[in-house]
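Please look through the structure shown here and follow the briefing beside it, which moves from single residues to the whole chain.

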Amino acid sequence: MSFPTIEPRLPSWWLEHALAREGDPEPTPALASDATADVAIVGGGYTGLWTALALRERAPELRVTLLEAEICGHGPSGRNGGFVHGYWASLPGLLPVLGEERALELAVAGERIIPGIRAWAESRGEDVWLRVAGMLEVSAAPAQDGAIAKAAAAAEGVGRPDQTVPLTPAEVAERISSPVFRSGVFYPECATVHPGLLVRALRRAALEAGVVLHERTPVTAVREGELETPGGILRAPEVVLATNAALTGWKPASHNLTNFGSYVVLTEPAPELLAEIGWTGGEAVVDGRMFLHYFRTTNDGRVLMGSGSGPIGFGGRIDDRFSRDCATAARAEAGLRRLLPGLAGVRVERAWGGPIDVSADHLPFFRTKPGTRIHYGAGYSGHGVGPAWLGGQTLASLALCADDEWTRLSLATRSVPRLPGEPFRRIGGGLVRWAIMNCETAEEEGRRPPVLARAAATLPRLLGMELGTR
């Protein structure tokens with residue numbers, strides 16, 4: 001087992017940096033007695049905050065109360081990679097799940113995400129480090145070439161070649177030079193953001209909009225029309241659950257979700273070395289692996305490298321494996337050194353990780369629990385910064401009983417595949433994870449993957465699931 005230079009820990013650098021810029025404000029008071037609201041929201045991350053803002057904008061008379069177990073930004077909204085985009089980059093996976101018409105509908109809806117976030121931030125004068133520079137998907141091994149070709153063919157096939165621009169090795173090198181990069185595609189629809197600054201800006205906006213916020217208020221029980229907390233019961237006719245990975249342990253959502261760990265490492269500032277490898281355009285980058293590496297630069301010249309190869313959950317439990325797994329942090333750091341050898345001398349300063357909620361078809365879903373007015377959303381599958389904006393609009397519409405463009409999106413209407421029950425989910429997911437990781441390591445080392453690993457890696461496809469499919 002290899003070890004990272006820095007052991008992973010929370011909070012993330014993003015959240016620490018954002019809180020310091022904010023003057024390290026005290027959390028809002030916890031709920032200390034019974035209370036009422038028109039809409040009660042659980043979760044102070046992107047989804048919950050966008051939902052609260054959308055509700056207050058559309059129906060200013062509504063009393064909206066939001067409960068957060070820690071502080072706003074403590075969860076995935078304060079520790080993610082900061083890639084902001086919709087669904088054009090996911091088109092090859094969307095088509096077999098949704099069909100062409102619904103896939104295009106979702107991709108077009110996603111085009112509103114970046115302009116929506118940018119307009120919101122500019123209207124408030126918030127600097128969230130939003131940089132619209134597109135995203136590169138690069139092949140870093142011969143076995144990844146097919147994913148690149150498939151991405152370009154998918155956009156061409158639906159008449160939108162403008163959304164996926166094929167790049168030759170020389171064209172990839174013009175944007176970012178690495179001896180292991182082969183071909184690539186460029187997706188114009190992508191931006192990067194400072195996750196901590198964004199979630200804290202949303203918190204400020206929610207407070208200014210009249211949302212009642214109680215931090216340090218964990219919800220211990222969810223019932224129709226009420227939320228139980230250690231300090232009191234919040235009663236509301238409309239309840240929204242926006243807790244992402246935590247919903248994996250809630251029965252109505254648990255059939256469709258599992259958790260995986262995702263980890264990142266962050267370097268010291270090195271703008272001069274970024275200039276040497278030509279990576280000055282601010283593009284976000286992913287490679288062609290199933291358990292991909294995702295990497296981007298920051299405004300102060302750092303590099304963040306992530307690996308989505310962390311542990312798989314069991315029964316919805318969130319434990320230290322999702323925040324202290326040194327092996328996954330080491331894989332993220334190894335990815336940095338392999339993919340960007342031009343940064344060999346750059347010191348890694350921080351590492352952190354957390355759970356991501358993964359649905360069986362890799363798409364989020366937004367629902368109302370049958371027979372209730374409890375609404376929920378989850379399943380971002382590691383791609384939530386942008387889609388959480390869509391989620392906020394959709395959950396607000398569900399709480400308002402609206403039949404509109406948001407509630408008619410496939411994210412709110414499609415049938416989501418069920419995952420096997422435990423312990424088969426954990427055993428099967430662990431087997432597929434092991435197989436894919438072994439295949440991808442062998443492919444990057446120029447070896448033929450072991451027969452058993454190749455066979456196990458195809459299991460999800462044989463079962464009709466996108467989860468873990470190569």
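Thr 65 belongs to strand 3, which covers residues 64–67, in a model that is predicted. Because buried means under 20% relative accessible area, Thr 65, at 6% relative accessibility, counts as buried. Setting aside neighbours within four places in sequence, Thr 65 touches Thr 36, Ala 37, Val 39, Ala 40, Ile 41, Val 212, His 214 and Leu 234.

**Other single residues**

- Ser 323 sits in the loop that runs between strand 18 (303–307) and helix 10 (326–339), and with a relative accessible area of 15% this residue is buried.
- When neighbours within four places in sequence are left aside, the contacts of Ser 323 are Pro 8, Arg 9, Leu 10, Tyr 263 and Gly 353.
- Ile 427, by contrast, is part of helix 13 (residues 424–444), and with a relative accessible area of 55% Ile 427 is exposed.
- The C-alpha atom of Ile 427 is separated by 35 Å from that of Val 303, and the two residues are 124 residues apart along the chain.

- The buried residues of helix 3 are Leu 91, Pro 92, Leu 94, Leu 98, Ala 103, Leu 106, Ala 107, Ala 109 and Gly 110.
- The cover over these buried residues of helix 3 includes helix 4 (113–124), helix 5 (145–157), helix 11 (387–399) and helix 12 (410–413).

**Backbone details**

- The peptide bond that leads from Leu 10 to Pro 11 is cis, with omega near 5°, and Pro 11 lies in the segment before helix 1 (13–21).
- The peptide bond from Glu 422 to Pro 423 is also cis, with omega near 5°, and Pro 423 is placed in the loop between helix 12 and helix 13.
- Asp 24 has a positive phi of about 50° although it is not a glycine; Asp 24 lies in the loop between helix 1 and strand 1 (35–36), where it is exposed with a relative accessible area of 52%.
- Cys 401, which is not a glycine either, has a positive phi of about 60°; Cys 401 is in the loop between helix 11 and helix 12, and with a relative accessible area of 57% it is exposed.

**Cysteines**

- Cys 72 counts as buried at 0% relative accessibility, and Cys 190 likewise counts as buried at 0% relative accessibility.
- If a disulfide is taken to be a pair of cysteine sulfur atoms within 2.5 Å, the count comes to 0 disulfides.

**The whole chain**

- The protein contains 15 helices and 21 strands, and 58% of its 470 residues count as buried.
- A compact globule with 470 residues would have a radius of gyration near 23 Å, and the 21 Å of this protein agrees with that.
- The C-alpha trace spans about 60 × 50 × 45 Å along its principal axes.
- Among the contacts between residues at least 6 apart in sequence, 76% join residues at least 24 apart.
- The protein exposes about 17900 Å², and carbon and sulfur atoms supply 55% of this area.

Notes. Residues are numbered from 1 along each chain as its sequence is written. This is a predicted model: local features need pLDDT of at least 70, side-chain atom pairs count only at pLDDT 80 or more; totals for chains, interfaces and linings use all residues. Side-chain values use heavy atoms; hydrogens and water are left out. Buried means under 20% relative accessible area, exposed over 50%, partly exposed in between (1.4 Å probe, protein chains only). Helices (H or I, at least four residues) and strands (E, at least two) are DSSP runs, numbered from the N terminus. Contact means heavy atoms within 4.5 Å. The radius of gyration is taken over C-alpha atoms; the globule rule is 2.2 Å times the number of residues to the power 0.38. Accessible areas come from the Shrake-Rupley method with a 1.4 Å probe; for residues, only the protein chains shown count as cover.
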